[in-house]
Amino acid sequence: MTDYDLVVVGGGPAGQKAAVQAAKTGARVLLIERAKSAGGACVRYGTIPSKTLRETALSLGKFRKLTAHVMDVEMPAHLQVSSLMERKEEVISAHERYMHAQLSRNGIELQQGVARFTSPETLEVALLDGGKRALSSRYFVIAAGSAPRTPDNVPVDHEHILDSDSLLSLSYLPESLVVLGAGVIACEYASIFAALGVKVTIIDKGERPLSFMDQELVEHFLKELRQAGGDFLGGKTLEGARFDGLSSVETRLAGGELLRSEKLFCALGRVAAVAGLGLDAAGVKVTPRGLVQVDEHLRTSAPNIYAAGDVIGPPALASTSMEQGRRAACHALGLDLGKQGALAPAGIYTIPELGSVGLTEQQVRERFGDALVGRAKFEEVARGQISAAENGLLKVVVHAETGVVLGAHAAGERDRARAHRSNGDHRRPHLRDLHRHRLQLPNVRRSLSRRRLRPAQTAARPRLRQARRRRVRGREWPSQPMIAVEAPGGRGAMKAHTAVCN
Amino acid sequence: MANAARSIDTAAVPQAVLDELTWRVQQGKVELPLLPGVAMEVTNVAAQETADSRVIAELLRKDQAVAAHVLRVVASPVYSGRTQIVSLQQAVARLGVAKIREISLAIAFRVGVFKLKGFEAEITALFQHSVAAAMFAQEIARVTRRNVEDAFMCGLLHDVGRPVILHALVQILGEQKLRVPPQAVIAATGALHCEVGGTLAESWNLPEAVEMSMRHHHSATPPDAHVTSVRITALADELARYTFEPERMPEAELRQHPALAPLELYPEMLDKVLAKGESIRQAAGTLS
């Protein structure tokens, strides 16, 4: 008899959902978390605090824009970060209270400590007071999260050179910030700090940031970043960085280029937080990149141990981690959740926000040779101008012959620019579906109205007829999940039903 | 109790002297002189325009008196504008080395040096303790991902009340021609330094986190405002004591410190901080 049915290591999004899912089946569940409450990096260093800061940056920017002709709104030259995140602690506390209530409502035991496997069925928890607790369980879910990757030539001291765990501990806004890396975390923070008036420079070895996103959206992001005073230096090789011992950080690039900034933010990826977990003792294998190796059921090389979230690698989004956590717990306890959809929408909280689902225009052209593209700019819509959200873009990528929508991408100032899956509706979306909505005015939802997408539709018509003929001849249509794209603007945001062929 | 000074009363010092001390603190008539060696160094380095700027920056970081004075000066509207400057690095970055050099030089000339016969060792120990506490606070902040600059400032300035009281008491006793055993004077500085430090921080317009740390680093139940800074300072204070006076702070007692749990500082993280002990002891020990 083991002490528990399921022990979850890590209280982030994946661990928390794994624990709740298991507890709902009546299992005896223990959640081990290093911090005093569940939430993980998402609550402490990631999503919650960064979005609180982002919200302030957005509100300030928008207020200035909307009142530009009425009053002169200036930000103090040396704003303190803490004053910009005044609600952070409040938001975090509320979130922690909610999570605590959820855990206790479901009868989940929470143990603060650091876990280390001693065998595939047992582990030891190191407690804050130096004590140890040994326990056993039938199943385990490793959801220990990830930590920032720090290359040897970037000595992160959390004072002058910071990573994503320490960046928001800054007590004042630096005058300048060099951002190493051009992934999601790098671009999100870069755009937030640029919007707050910090001179931001993103440096990366790639030619453009956010390489997995539609190129046009990335160009839109870069345009906005540069308008806010930021810059992106692509194709650069980093030689090293160091604090000059006085007041600035020197970033050395190949070719002798030297950049000086008040602070440096190292965002060169994250690594699975598996150090000290005792994976060898548990018989859990890791990949050459240090990620926990799992099968399609999220089961590790030890049959009773599962892993979910950042420890298993991309996409490492809170939303996918939650789903992985649930699936891991369900499989362990013999519950069938069905097949997981392969389609994952991406929402990037840059300023402007970027949302994407399905194939990019470049991918469609590579895969099918041609693409029909419908574009709508919010500057052409009255609602966008009224709400000072005119810098948005909505783009739909359609199969040139069949009219099936293969991807949808949006950039806009407010958080409704995200693309997400519309669960439960599995019919194939078609270009003509986009034109059936009757929309109120003014509303940026109109950006997907018939007129705006007419070029795509007109071009598609002859080829659509050909496609119908081919379908009659028995051509197979792939079964595809539905997605929805919400554009910035009114609350009942426009939904562009699209399907993705992947 | 970890800090013996807290349990010693001030009875050996005449009440009239303590009243005079309180009045002077309230009126802002107390001074925080520099260590003679530091004053000389500041004068030498700051007077040379060709001197390495890093040496000046380092001087600011290793002396509580210089740091407090610089922060006090740059906090004035003349320098800081609408927002308070909260760290030395920020001060150097915002005002430039030339301005900081000017300020440091002015401070060295204006505030003078400690001339407390019989208390030289005590004064040196106080300054060493403060710089060690600052460095430990910095390490605690690093491992727990809290603000390192704030932690350093709070650690460096947490005991500023002690040399100020010591200097003022010796002056008052001299003026009133009273003789009090040196141990009683030292005990009085220990008993009063939090309250006096807090008052000074307020009147000098030091950052709020520094003020709270100066005022509450010995409180069993610190108030919510800047509680993390206060806890880091309280632990750093004991780590510095453990480093210089291990007989007053045994390791076993240190590992039961009440700030460890709220700071979520696990034993292996404390080990990392303690591993810096020798280098911190050496760095702080160079002060004279």
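In this structure, 26 residues of chain B are in contact with 25 residues of chain A, contact meaning that two C-beta atoms, placed from the backbone, lie within 7 Å. Helices α4 (53-61), α7 (88-95) and α10 (148-157) of chain B each bring at least two residues to that side, with α7(B) giving the largest share, five residues. Helices here are DSSP runs (H or I, at least four residues; strands are E, at least two), numbered from the N terminus.

A word on the source: this is a predicted model, where local features need pLDDT of at least 70, side-chain atom pairs count only at pLDDT 80 or more, and totals for chains, interfaces and linings use all residues. Residues are numbered from 1 along each chain as its sequence is written, while chains are lettered from A and ligands numbered from 1 in the order in which they are written.

Chain B splits into domain 1 (4-32 + 114-285) and domain 2 (36-111), with bounds from an automatic or database domain assignment. Their centres, taken over C-alpha atoms, are 22 Å apart. Each domain puts 16 residues into the contact between them. On the domain 1 side, α9 (120-144) and α10 each supply at least two residues, and α10(B) has the largest share, five residues.

Overall, chain B has 17 helices and zero strands, and its C-alpha trace spans about 50 × 45 × 35 Å along the principal axes.
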